Amino acid sequence: MSKETMSAKVKELRELRRMQEELSGMIEAVQDEIKAIMTAQETETLTGADWKITWKPVTSSRLDSTALKRELPEIASRFMLQTTSRRFVLA
């Protein structure tokens, strides 16, 4: 692939990422408006003809690996998994 073609692809990718950021901001704003309506109505669920929105508290339990490593480092090291991945970065 020529440098000109690659430069065009990078320019396209940058523009698409800019558009994505803009759309993400717009999506977040609309979601916040809907959440404000739901808060005002004191409801966790809204339904329409072809849609349903829920906004409920969710509780999850997760392992505090930092505390485990601090308190029981020998046990923590026995259960550590290493993974390898590739990171795509455009600078």
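In which helix do Arg 18 and Glu 22 both lie, and how many residues apart are they?

A: Arg 18 and Glu 22 both lie in helix α1, 4 residues apart, which is about one turn of the helix. The model is predicted, so local features need pLDDT of at least 70 and side-chain atom pairs count only at pLDDT 80 or more, while totals for chains, interfaces and linings use all residues. Residues are numbered from 1 along each chain as its sequence is written, and side-chain values use heavy atoms, with hydrogens and water left out.

Helix α1 covers residues 3-41; helices here are DSSP runs (H or I, at least four residues), numbered from the N terminus. The side chains of Arg 18 and Glu 22 meet in a salt bridge, with 2.9 Å from N to O. The term salt bridge stands for a side-chain nitrogen of Lys or Arg within 4 Å of a carboxyl oxygen of Asp or Glu.

Arg 18 also forms a salt bridge with Glu 15, and here the closest N and O atoms are 2.6 Å apart. Glu 15 lies in helix α1 as well, 3 residues from Arg 18, again about one turn of the helix.

The whole structure holds 3 salt bridges. One of them joins Glu 12 and Lys 9, whose closest N and O atoms are 3.8 Å apart. Glu 12 and Lys 9 both lie in helix α1, 3 residues apart, or about one turn of the helix. Glu 12 has a relative accessible area of 41%, so Glu 12 counts as partly exposed. Lys 9, with a relative accessible area of 44%, is also partly exposed.

How values were computed:
Helices (H or I, at least four residues) and strands (E, at least two) are DSSP runs, numbered from the N terminus. Buried means under 20% relative accessible area, exposed over 50%, partly exposed in between (1.4 Å probe, protein chains only).
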